[in-house]
Each structure stands twice: as C-alpha cells, then as structure tokens.
Amino acid sequence: MKNIYIIGVGLIGGSLAIDIKKNNPDMVIHGISRKDATLETALSLNLIDKKATLDDIENADLVIVSIPVDATVKLLPTVLDKISDNGLVVDAGSTKVDICKVVENHPKRRNFLAMHPIAGTEHSGPNAAIPNLFVGKTNIICEVEKTAFKLQEKALKLFADIGMRMRYMNPVAHDKHIAYMSHLSHISSFMLGKTVIDKEKNERDIFDMAGSGFASTVRLAKSSPEMWTPIFKQNKTNVIETLEEYIINLTHFKELMKQDDFDAIFNEMKDTNYIKDILNGMG
Ligand code: NAP
C-alpha cells in the first residue's frame, strides 16, 4: 500500500494517520474534508502529507472514512463507486448496522471493510489527534467474509501493526453490545453534567468542590454532539433498551434510600465492586 486517503482528519482519522505514517514512512497520507480550514490544520500538524478531493480516490490503495456515522451512510456508496478494483475502503464508525446495510448490494462490496476501533477521547477535530491511541485497543471488524481476502489481509496487518487486536462480530451484535459498553456511558455522563449544571448554575463557586470523581465521571459530557447525535439516532432501539434498564436501577437505588435500607444499598455497591475484577482482567 502506498496511497492512503483519510476522509475526516479528526480525532480518529488524524490519530490513525499519525501511527500509520510512523510505521510506514513511505506511504503518502492524503486528507479529504468538508472544510478547507480543517485540512490546513491537518497539514500544519503533519497529520497528512497532501490535501485531496473525492475525485482523487481512484488513486487510493486504502480509504479510511472517519466522519460522523450519518455522513458515512450518505457518502460511503459514492466513495465505493470511485475506488479502484484493487483499492479498499474502511470506515471507523461507532455504529455498524446502517453502515453495512447501505453498501450490502453495492457492486464493489468486496472492496469495503467495516470496522470500529474501540479507542478515543472526549476531544474532537484534528487538534485532538494523538499518537499511540490504538495501542492495546480492540478493533471490531464486521462481516469480514464479505471483503476480498487479499484486501482485508493487508488492511488488518496495517491495523495490527499500530497495536490493535481484531475481534470479529456481526453488525447486529456489535450495535447491541456497544450500546451498553459505550453509548450508555456517554448518555449517563451527559445527564450527570446536566443535572449538576441545572442545580448549581447560580452557584459557580460550588464547582471548586468538584473533585476528581466528578471530573472523571463527567468527562464524556465534553464529547461532540455532532458525532453523538447520529450514533444515538442510528442505534435508537438498543440505546433505549439500555436506558430502560439503567433507569430501573436508578429508581431502585432511590427507593432503597427512601426506605432507609442502607444494608441493601451496601450490598448493591459491594456486588458492583466486581467491576474491578472485570476491568483488571482487561488490562
Ligand atoms: P471528529 O474528531 O469530530 O472528526 C470528524 C471529522 O469529520 C471532522 O474533522 C469534520 O471535518 C468531519 N465532519 C464532521 N461532520 C461532517 C459531516 N456531516 N460530513 C462530512 N464530514 C464531517 O470525530 P471522530 O471522533 O474522529 O469520529 C470520527 C468517526 O469515528 C465517527 O464515525 C465516530 O463514530 C467514530 N469513532 C469515534 C470514536 C471516539 O471516541 N471519538 C471512537 C471510535 C470511532 P470538517 O471540519 O472538515 O467538517
């Protein structure tokens, strides 16, 4: 692979660009974006070597689409139309059902690989791109059997070389599990932030009391609404299911408080401490 085109040089696209270039200095990283200013920033940060447009995609060995998931669904068929027979298009979207569906009958379906790198921060845009974001992280690959073998092989090696472990899943299972593992945490953080801001908005000094517990729990509430609204829209059914279960747990906790049942509250927390073992096992 020689010519890599990245559509959307933000946190994920930009961070992929840094690590791919570091491992493959001979590769040329081309950036494509809606706004020229974004590409200029990406150039000045050395995330990309050159600016490009969609018309240049015919020269691509690999295209990485890393824009919000609604924009991905709209653009992906056009990108696949333009890719050469020996080129591969990969997306990095946080949902997989709608993205896989929009290209399921595309004549170049074998030139597409659906993936979701489970790595990120609450920051966005080219300035948020950082090296080594993907080291030790999981990359979920969907419908790998639908991608031409020799194309998937090269791309998966590129992603393994920057430190990712591949896991294979169908798009329906991906969207269901990711609703619990990622989407619910973001909603929970956004609504925690809202609850505190609504209550304390007239008492700015109170934020001096905000310790690291508040800061770490509310960190995800700094995430980009442009990226998250289409994710919730595409994964609406699964996200509502997670919210219903979460609300049952919150209501149960409130009822135990009302009943002064602090033994039960202790046990709820003690049982949930098991999360330590689960997370340590992932390290
Ligand atoms: P980001 O930092 O906001 O970058 C996205 C880029 O896409 C922006 O630089 C923007 O460039 C462009 N863009 C925004 N809206 C667009 C639109 N409607 N049409 C075309 N281009 C648009 O976002 P990101 O965090 O890198 O996320 C990119 C993709 O990776 C998303 O599909 C997301 O679901 C997925 N993902 C995110 C994370 C995470 O934690 N952030 C993790 C894994 C996967 P312009 O300034 O030129 O508009």
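How far does a backbone N or O atom of isoleucine 67 lie from an oxygen atom of the ligand? In this predicted model, the distance is 2.7 Å, which falls within the limit for a polar contact (a pair of N or O atoms within 3.5 Å). An oxygen atom of the ligand is also 2.7 Å from a polar backbone atom of glycine 125, and a backbone N or O atom of leucine 11 lies 2.9 Å from a ligand oxygen. The ligand taken alone exposes 890 Å², of which the protein buries 86% (Shrake-Rupley method, 1.4 Å probe).

Local features are reported at pLDDT of at least 70 and side-chain atom pairs at pLDDT 80 or more, while totals for chains, interfaces and linings use all residues. Residues are numbered from 1 along each chain as its sequence is written, and side-chain values use heavy atoms, with hydrogens and water left out.

The ligand is surrounded by 25 residues, the closest being Ser33, Thr38, Ile67, Ser94 and Gly125; a residue is counted if one of its heavy atoms lies within 4 Å. By class, this shell holds eleven nonpolar, twelve polar and two charged residues (Ala, Val, Leu, Ile, Met, Phe, Trp, Tyr, Cys and Pro count as nonpolar, Asp, Glu, Lys and Arg as charged, and the others, Gly among them, as polar). Two or more shell residues come from each of H1, helix H3 (69–82), strand S6 (112–117) and helix H8 (225–234). Helices (H or I, at least four residues) and strands (E, at least two) are DSSP runs numbered from the N terminus.

Strand S2 (residues 28–32) is largely enclosed by the rest of the structure, because five of its five residues are buried (under 20% relative accessible area; exposed is over 50%, partly exposed in between; 1.4 Å probe, protein chains only). Val28, His30 and Ile32 point one way from S2, and Ile29 and Gly31 the other way. S2 runs parallel to strand S1 (residues 3–7), to which five bridges join it; pairing requires at least two DSSP bridges. Histidine 30 in S2 is the bridge partner of tyrosine 5. The chain passes from S1 through helix H1 (residues 11–23) to S2 in a right-handed β-α-β crossover, meaning that, with the strands pointing away from the viewer, the path from the first strand over the helix to the second runs clockwise. Two bridges join S2 to the parallel strand S3 (residues 50–51), where lysine 51 is the partner of glycine 31. S2, helix H2 (residues 36–44) and S3 likewise make a right-handed β-α-β unit.

Conventions: Polar contact = N/O pair within 3.5 Å; in protein donor to acceptor, adjacent residues only side chain to side chain.
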